[in-house]
Amino acid sequence: LFDGHNGFVSGAGKIDVVRRLREMVAAGHRPSPADVEAYVDASPEVWSGGGARLRRYYEGILDGKRFKDYRGQNI
C-alpha cells in the first residue's frame, strides 16, 4: 500500500505514507517497527533505505510526533 519508488523522500510520498501510517494506527493495526521495515524492504518497488525511513516515520507516529510537508504544514 505504500508508494516507495522514491524512498519516501518526495513531498507527495512522505505525505501519503504518513497519512496511511496514521490511518493504520488509528484503526488499531500496530505491527512492530521492525516488521514494518521488513515488509517494505521486501518490496521491489521501494528504493534502498526506504524501509528505514518508513520505520522512522512509523516510530514517530507511535510516539505522537507531528510531521510537516514540504510547505511546512502539518500532515
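Predicted model: local features only at pLDDT ≥ 70, side-chain atom pairs only at ≥ 80, totals over all residues.
When neighbours within four places in sequence are set aside, Asp 69 is in contact with Ile 15 and Ile 75.

The secondary structure of the protein consists of 3 helices and 0 strands, arranged along the sequence in the pattern α-α-α. Of the 75 residues in the protein, 35% are buried. The accessible surface amounts to about 4,600 Å², and carbon and sulfur atoms account for 51% of this area. Among contacts with a separation of 6 or more, 62% are made by residues 24 or more positions apart.

The largest nonpolar core contains 15 residues, of which Val 18 and Leu 21 touch the most other members. Helices α1 (11-26), α2 and α3 each contribute at least two residues to this core. The largest share comes from α1, which supplies 6 residues. In soluble globular proteins, nonpolar side chains tend to be buried together.

Helix α2 spans residues 33-41, and within this helix Val 36, Glu 37 and Val 40 are buried. These three residues lie on the same side of α2, because they cover an arc of only 95° around the axis. An α-helix has 3.6 residues a turn, so residues three or four places apart point the same way. The buried residues of α2 pack against α3, which comprises residues 50-62.

An aromatic contact also involves α3. The structure holds 1 aromatic pair, formed by Tyr 57 and Phe 67 in an edge-to-face arrangement, with 5.4 Å from centre to centre and 80° between the planes. Since Tyr 57 lies in helix α3 and Phe 67 in the segment after α3, the pair ties together parts that are 10 residues apart in sequence. Tyr 57 is buried, its relative accessible area being 11%. Phe 67 is likewise buried, with a relative accessible area of 6%.

Key
Residues numbered from 1 in each chain as written. Heavy atoms only, no water. Buried < 20%, exposed > 50% of the residue type's maximum accessible area, 1.4 Å probe, protein only. Helix = DSSP H or I, 4+ residues; strand = E, 2+ residues; numbered from the N terminus. Arc of directions from axis to C-beta. Contact = heavy atoms within 4.5 Å. Areas by Shrake-Rupley, 256 points an atom, 1.4 Å probe, with all protein chains shown as cover. Core = buried A, V, L, I, M, F, W, Y, C linked by side-chain atoms within 4.5 Å. Phe/Tyr/Trp six-rings, centres within 6.5 Å; stacked < 30°, edge-to-face > 60°.
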